[in-house]
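Subject: Structure handover

Hello,

Here is the structure I promised to pass on. Please open it beside this email and follow along as you read.

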Amino acid sequence: MPTAPADYQTRYPIDFPNIDPAVRQRVVQLYAGDGGKARAILYRPPRGNPRTVILMAHPRADFAHHYTIPYWVEAGFAACALNTRYLNNDTMMLHENLLLDLAAAIGFLREEEGFERIVMLGNSGGGSLFAYYDAQARAPKGERVAAPPGGGPPDLNRFELPPADGLILLAAHPGQGIVLMGSIDAAVADEHDPFASDPELDMYDERNGYRTPPEPSRYAPQWLERYRAAQRARVARLDAIARSHLAAAEQARAASKRPDFAAAPAADRALIQRRAMRPQIMVIYRTQANPNYLDLTLDPSERTVGSIFSPRPDLFNYHAFGLAHVATPEAWLSTWSGLSSRANLIRNLPAVTVPTLVVGAMADQDIFIADAHAQLAASGAIDKQLEFIEGADHFMRAGGSRA
């Protein structure tokens with residue numbers, strides 16, 4: 001059985017540390033139905049040809065060396081680690097395009113490699129991605145999503161979406177937009193100023209129950225209710241900003257098609273054409289502000305104070321690195337909006353009827369115990385099961401109160 005090295009806790013958390021050099025590895029370039037390019041590594045045991053393959057993918061993270069791969073191969077399965085067209089860059093990410101990447105991978109594994117069974121491994125943000133895919137794959141053409149929330153291609157009714165045979169949800173997000181709506185800072189008072197803040201909605205203000213980590217904070221139920229409503233309202237405001245940018249670009253495209261466009265002054269034509277290119281980029285400040293990070297009485301588990309990014313989310317909330325900081329309006333609506341994104345795990349799971357295993361991590365600081373129970377309840381599968389790994393953090397490392 002593969003074992004973790006002594007320095008596993010300090011390694012890049014998604015990667016396995018090493019693998020048997022006898023394991024067969026094949027690098028594959030995949031082209032989706034719209035021409036988008038993705039890459040995968042197909043792992044096989046040193047001997048034999050497994051009939052079942054585990055397919056893993058994340059919207060943007062590098063899963064080429066996912067930490068579960070040595071274990072799947074050791075158990076006699078093949079493993080396919082897919083990196084999507086948006087690897088390490090979600091600024092322009094459309095989840096609808098991601099479904100085409102998954103379709104290319106499943107088609108390759110089924111038709112070219114001859115695997116009889118394909119099991120989708122939805123880890124972290126991959127959970128909502130695979131559920132969205134499977135729900136669309138099982139919908140007949142004509143009833144699928146015809147356009148992303150911001151408009152434009154792809155129309156999923158125009159593409160083949162071959163189904164898979166099973167689903168594992170491993171520390172799975174309920175949707176990147178849903179996670180963000182739980183962690184976006186409701187106290188932001190000006191979307192153009194990262195320091196403008198409403199003190200009455202600031203979870204990092206001691207008057208609202210905050211205490212400096214590692215001391216836990218405590219937030220009153222009435223305050224939490226106001227805070228969660230304000231988070232949702234901020235997402236709605238950002239949705240409105242995104243749609244206003246898209247409307248301006250659409251107006252410019254319409255102006256460029258008017259009969260009198262060619263007669264307009266060159267400078268006017270250039271300005272209209274530039275605006276039609278949709279140049280607006282959204283900057284979203286302060287996305288590390290979930291009260292669950294600091295108040296351990298909320299959805300109790302084995303986790304410790306902090307987020308998956310930092311033991312001091314109060315400071316990391318202002319860091320340049322983080323969730324959804326830079327996005328096109330289309331990417332915001334398709335991926336990061338908890339109100340508009342269709343990559344919503346709980347909404348899609350009822351349509352996913354393949355055998356499903358939900359695995360939660362008891363010390364996860366990002367996905368909570370209630371999330372795993374909600375996933376099991378929402379699953380449309382008859383054959384479904386829920387398991388928890390004690391003492392495991394979001395990346396299945398030893399963590400939390402048991403560490």
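The crossing of H5 and H6 is left-handed. Keep in mind that this is a predicted model. Two packed helices are described by the angle between their axes and the distance between the axes. For H5 and helix H6 (residues 266-276), the angle is about 135° and the axes are 7 Å apart. Angles over 145 degrees would count as roughly antiparallel, and 65 to 115 as roughly perpendicular. H5 and H6 are therefore oblique to each other.

Which residues of H5 and H6 make the contact? H5 brings Ala249, Ala252, Arg253, Ala255 and Ser256. H6 brings Ile272, Arg275 and Ala276. By class, the contact of H5 with H6 has 5 nonpolar residues, 1 polar and 2 charged.

H4 and H5 pack at about 125°, and their axes are 8 Å apart. That angle makes H4 oblique to H5. The crossing of H4 and H5 is right-handed. From H4, the contact takes Met181, Gly182 and Ser183. From H5, it takes Arg228, Gln231, Arg232 and Val235. Sorted by class, the contact of H4 with H5 holds 2 nonpolar, 3 polar and 2 charged residues.

E1 and E2 pair in the antiparallel sense over 8 bridges. Find glutamine 25: its bridge partner in E2 is tyrosine 43. E1 and E2 form a hairpin, with 5 residues between them. Glycine 35 sits in the turn and has a positive phi of about 95°.

Is strand E2 (residues 37-44) largely enclosed or largely open? Of its 8 residues, 6 are buried, so E2 is largely enclosed by the rest of the structure. E2 also runs antiparallel to E4, and 5 bridges join these two strands. Look for arginine 39, which stands opposite asparagine 83 in E4.

Next, look at E4 and E3. Strand E3 (residues 52-58) and strand E4 (residues 78-83) pair in the parallel sense. There are 6 bridges between E3 and E4. Leucine 55 has cysteine 80 in E4 as its bridge partner.

Then go to the other end of the sheet.

Last, some backbone details. Most residues other than glycine have a negative phi, and most peptide bonds are trans. Here are the exceptions to look up:

- Proline 153 and proline 154 are joined by a cis peptide bond, with omega about 5°. Proline 154 lies in the loop between helix H3 (125-137) and strand E6 (166-170).
- Proline 213 and proline 214 are joined by a cis peptide bond too, with omega about 10°. Proline 214 lies in the loop between helix H4 (176-183) and helix H5 (221-256).
- Alanine 324 is not a glycine, yet it has a positive phi of about 60°. Alanine 324 lies in the loop between helix H7 (313-316) and strand E8 (326-327).
- Methionine 396 is not a glycine either, and its phi is positive at about 65°. Methionine 396 is found in the segment after strand E10 (384-389).

Are alanine 324 and methionine 396 buried or exposed? Buried means under 20% relative accessible area. Alanine 324 has 3% relative accessibility, so it counts as buried. Methionine 396 has 18%, so it counts as buried as well.

Best wishes

How values were computed
Residues are numbered from 1 along each chain as its sequence is written. This is a predicted model: local features need pLDDT of at least 70, side-chain atom pairs count only at pLDDT 80 or more; totals for chains, interfaces and linings use all residues. Side-chain values use heavy atoms; hydrogens and water are left out. Helices (H or I, at least four residues) and strands (E, at least two) are DSSP runs, numbered from the N terminus. Buried means under 20% relative accessible area, exposed over 50%, partly exposed in between (1.4 Å probe, protein chains only). Axes are lines fitted to C-alpha atoms, for helices over the stretch in contact, and angles run from 0 to 180 degrees between N-to-C directions. Angles under 35 degrees count as roughly parallel, over 145 as roughly antiparallel, 65 to 115 as roughly perpendicular and the rest as oblique. A crossing is left-handed if the near helix is turned anticlockwise from the far one by less than a right angle, and right-handed if clockwise. Contact means heavy atoms within 4.5 Å. Ala, Val, Leu, Ile, Met, Phe, Trp, Tyr, Cys and Pro count as nonpolar, Asp, Glu, Lys and Arg as charged, and the others, Gly among them, as polar. Two strands pair if DSSP finds at least two bridges between them.
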